[in-house]
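I opened this entry to look up the charged contacts and then the overall build. My notes follow in the order in which I checked things.

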Amino acid sequence: DTEAWRGTTTRMLYPGQTEVLEAAVPSTVGGQQSTYLAKVLVNPAAPTFHECRADNNESRAAPPVCPN
């Protein structure tokens, strides 16, 4: 995997909550034919939240959706 973008949610998300994040990926990293996924990164040495389920911290791969 190559990290194309890093961001954070605007608020703490509780179980079942979601938030749409918009990312601008440089063309040197990916493009329209690429697929992308999101991962929750957890630092076990300095957690900032209580992890309830570690098996749901990654999205399915999806193609980009460009704004109009």
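I started with Arg11 and Glu19, whose side chains form a salt bridge with an N to O distance of 3.0 Å. The model is a predicted one, so this is a computed distance. I then looked up how open the two partners are. Arg11 has 41% relative accessibility and is therefore partly exposed. Glu19 is also partly exposed, at 22%; the cut-off for buried is under 20%, so Glu19 does not count as buried.

Arg53 is partly exposed, with a relative accessible area of 46%. Asp55 reaches 61% and counts as exposed, because exposed means over 50%.

Another links Arg6 to Glu3 through their side chains, at 2.8 Å from N to O. For Arg6 I noted 58% relative accessibility, so this residue is exposed.

I next checked the charges as a whole. The protein has 5 positive and 7 negative charges, and their mean positions lie 3 Å apart.

Then I turned to the overall build. I found zero helices and zero strands. The C-alpha trace spans about 35 × 25 × 20 Å along its principal axes. The chain has 68 residues, of which 3% count as buried.

Conventions: Residues numbered from 1 in each chain as written. Predicted model: local features only at pLDDT ≥ 70, side-chain atom pairs only at ≥ 80, totals over all residues. Heavy atoms only, no water. Salt bridge = Lys/Arg side-chain N within 4 Å of Asp/Glu carboxyl O. Buried < 20%, exposed > 50% of the residue type's maximum accessible area, 1.4 Å probe, protein only. Helix = DSSP H or I, 4+ residues; strand = E, 2+ residues; numbered from the N terminus. Lys, Arg positive; Asp, Glu negative; His and termini not counted. Charge placed at Lys NZ, Arg CZ, Asp CG, Glu CD.
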